[in-house]
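This report goes through one protein structure part by part. The sequence and the model come first, and the description follows.

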Amino acid sequence: MHLLVCGGSGCHASANGDIAKALNEALQLSGLNDEIQVVTTGCFGFCEKGPIVKVLPDNTFYVEVQPEDAEIIVQEHIIKGRKVEKLLYKDPEKDEKISDSAKMDFYKKQIRIALRNCGVINPENIDEYIAREGYQALGKVLGELGDQKTIETMKQSGLRGRGGGGFPTGLKWQFANTNQSDEKYVVCNADEGDPGAFMDRSILEGDPHSVIEAMTINGYAIGANLGLVYIRAEYPLAIKRLKKALEQAKEYGLLGKDVMGSGFDFDIQLRYGAGAFVCGEETALIHSMEGQRGEPTVKPPYPAESGFRGKPTNVNNVETFANIPVIINKGADWFAKIGNKKSTGTKVFALAGKVNNVGLIEVPMGTTLREVIFDIGGGIKDGKKFKAVQTGGPSGGCLTEKHLDTPIDYDNLIEAGSMMGSGGMIVMDEDDCMVSVAKFYLDFTVEESCGKCTPCRVGNKRLYEILHKITEGKGEPEDLDKLRNLSSVIKETSLCGLGQTSPNPVVSTMENFWEEYEQHVKEKKCAAGSCKNLMSYHIIEENCVGCTACARKCPVNCISGEKKQVHKIDQELCIKCGNCMDVCKFNAVEII
Amino acid sequence: MSSVKVELHQKDVDKIKEIAKEYNNDPEALINVLHSTQDHFGYLPAEIQEIVAEETNVSIAKVYGVVTFYSFFTMTPKGRYPISICTGTACYVRGAETVLEEFKRQLGIEVGETSENGKYSINCLRCVGACGLAPVVMVGDKTYGRVSPDGVSDIIAEYEDAE
Ligand SMILES: Cc1cc2nc3c(=O)[nH]c(=O)nc-3n(C[C@H](O)[C@H](O)[C@H](O)COP(=O)(O)O)c2cc1C
């Protein structure tokens, strides 16, 4: 018997280290610590209900576990063989408890390739990775396939880059292979800049060896002897696990000099990012790895010709890499059959926002947005109405009701006015104001623009200012034209992918929520009730009983009124926090 | 430069030298060196940057250029209890902004500032990846999930008695 405890950052944050410890202590007390192992794994994906503990072999899935629950899990489940009812997941629709995760809606439609080992193995133990076909693909490449057949396999699999662009991976490898040079490099892009995406981090935390193995395969296929992982410094746990995995791989002769006795040398080093979104762009990333400011340069030349230290370099994303060992092991045809014709395989999404089941999911390409949001995601939180889903992060767009049945793939999302991006998927409900959402992303872009080219540096700032003006209730009709024109100029004239895509949140929300922009500008109203300057809180005299609850709760003391008398809100002082409305039991506060 | 004047002791200088040496005084490793240095000192004032420049064989201008380019590096000391509010998209749609406003209001400081007694500072983070717990706030290494504006005073209260 095994107890798997989620050690992903999300669960870690909710007191997880203590759970493993508490379980171990409880086992010790019962004298079972030799028989039963507590394994800290990577992310299970179901972050909404974390921390999660899974019991093997019976697959019992416990949710929202606290350290105090360790005792009862050991006493009841382990010793007496009875499931701990109160920790089981309850299906909200059928109102019944489900103990096997495979039967939960959240997992039913998922196929896990890139996440195959996350939540299954202990990422700090290389033997567990090896026991699940780990490093077999590397053996096959070194011993059997050679570089050309490996690249051919990648091409046939149809794998496209998961970092956002969707460029065919096999083709990229071929370019790097063909370009002759004394030195070449492999780079893993673990910069994960989209604020609201955490799949790359989860893979590195949950299955670092899959990335190491794939980078080594990549090195052999293009003729490189050094790999670099460019990773965000904000990911301390991923860095720690990656370092440990690198050490273990070297110890086992799977990395370093003469890998697996093949005569091929390959080493991997880490380079840390330092909080600049643009460094996710590959040319900027390469400059950053060289110790420079992370400013992008015009392509061509592409990294495959002139990259790190001016040498041919292949850059791939973490998730792209995580797919590769499986493709080599199971074959290109197996992989190509999953998903659809032009987008093969699966995609990992970080599903978040106003959805019931926030978490990390992996679905075959071609799954519809509806299946993701409503079947896997369990629908919208608090019974509210679905309004939009944002994909592609700051470069993407907001899709609406009418896109829900669109099969998700690279081309469909672009057609619909968004993009795949790295896999952030943020669900929004009726309370979200789309003008504010566009403003949120522009705020991000303005902050993250590196300043090298004018359209991006100045243009995005102007876009932000206009949006701000509109949300403040000072928008004029011509502002809407300005937004349109400026957006197209920025898109056409910016130097790198950051500026070329940064107006997308504006363009897509204008396209899909035009009436909302008009309402802000013409009627000076925000139907979502999110723009503070376009609303005010008022007390409805007939309903107010003078209970004083609102006045006591008001953080700025702007509500006056005697006990049992009608209260009044001082509009000058009110900061529109909404506390009064939340606390009123008599529906006596309204927004106008 | 919005930096405080600091006096470095010989042992501080030695420490920087030691860090740079770990990375073979390689100009290419500048960012990794800056990370380790900031880990040790908490921030990167001009005086420290000068020594880093010398030890990694790059110009002071370049070190300054790099430090100011990346948001992770800071030239002002953070508070003893640095408060970081995640403003990633998931936290944003779940109300991070109102939480941020409440911290600013209660502590009387803006984002990027440190309170006068040096105890608190407020910063925004771009997604810590704990989106299931949104909105997320971190104080030092400790993470608080599902924070509402109401819960802000409780969080601050935890640190009020501490030094
Ligand atoms: C502004 C910008 C940000 C990017 N951020 C990332 C990122 O965070 N992670 C990533 O893997 N790729 C990112 N990319 C894409 C990379 O430039 C590059 O295409 C990718 O790393 C290639 O790997 P892939 O083919 O495996 O996707 C970004 C691109 C742009 C223009």
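## Domains of chain B

The C-alpha centres of domain 1 and domain 2 of chain B are 29 Å apart. Domain 1 covers residues 10-69 and domain 2 covers residues 81-160; such bounds come from an automatic or database domain assignment.

## Basis of the model

This is a predicted model, in which local features need pLDDT of at least 70 and side-chain atom pairs count only at pLDDT 80 or more, while totals for chains, interfaces and linings use all residues. Residues are numbered from 1 along each chain as its sequence is written, chains are lettered from A and ligands numbered from 1 in the order in which they are written, and side-chain values use heavy atoms, with hydrogens and water left out.

## The contact between the chains

Chain B brings 35 residues to the contact and chain A brings 57 residues, where contact means heavy atoms within 4.5 Å. Between them the two chains bury about 3,600 Å², 55% of it on carbon and sulfur atoms. Buried area here is the accessible area (1.4 Å probe) that two parts lose on being put together, summed over both. Glu28(B), Phe69(B) and Arg126(B) supply 21% of the area that chain B buries against chain A, more than any other three residues.

The interface holds 7 salt bridges, each a side-chain nitrogen of Lys or Arg within 4 Å of a carboxyl oxygen of Asp or Glu. One of them joins Arg146(B) to Glu48(A), with the closest N and O atoms 3.5 Å apart. On the side of chain B that touches chain A, α2 (30-41), α4 (60-69), α5 (89-93) and α6 (96-107) of chain B each supply at least two residues. Of these, α4(B) gives the most, with 5 residues. Helices are DSSP runs (H or I, at least four residues), numbered from the N terminus.

## Nonpolar cores

The largest nonpolar core has 118 residues, and Ile212(A), Met215(A), Val229(A), Ile231(A), Ile324(A) and Ile373(A) touch the most other members. Such a core is a set of buried Ala, Val, Leu, Ile, Met, Phe, Trp, Tyr and Cys residues joined through side-chain atoms within 4.5 Å. Buried means under 20% relative accessible area, with a 1.4 Å probe and protein chains only. Another core, of 43 residues, lies apart from the largest one and includes Val187(A), Ala274(A), Cys450(A) and Ile31(B).

## Thr445(A)

Thr445(A) sits in helix α16 (residues 434-448) of chain A. Thr445(A) counts as buried because its relative accessibility is 2%. Its side chain reaches the backbone oxygen of Tyr441(A) at 2.9 Å.

How values were computed
Buried means under 20% relative accessible area, exposed over 50%, partly exposed in between (1.4 Å probe, protein chains only). A polar contact is a pair of N or O atoms within 3.5 Å; within protein, one must be able to donate a hydrogen and the other to accept it, and residues adjacent in sequence count only if both atoms are side-chain atoms.
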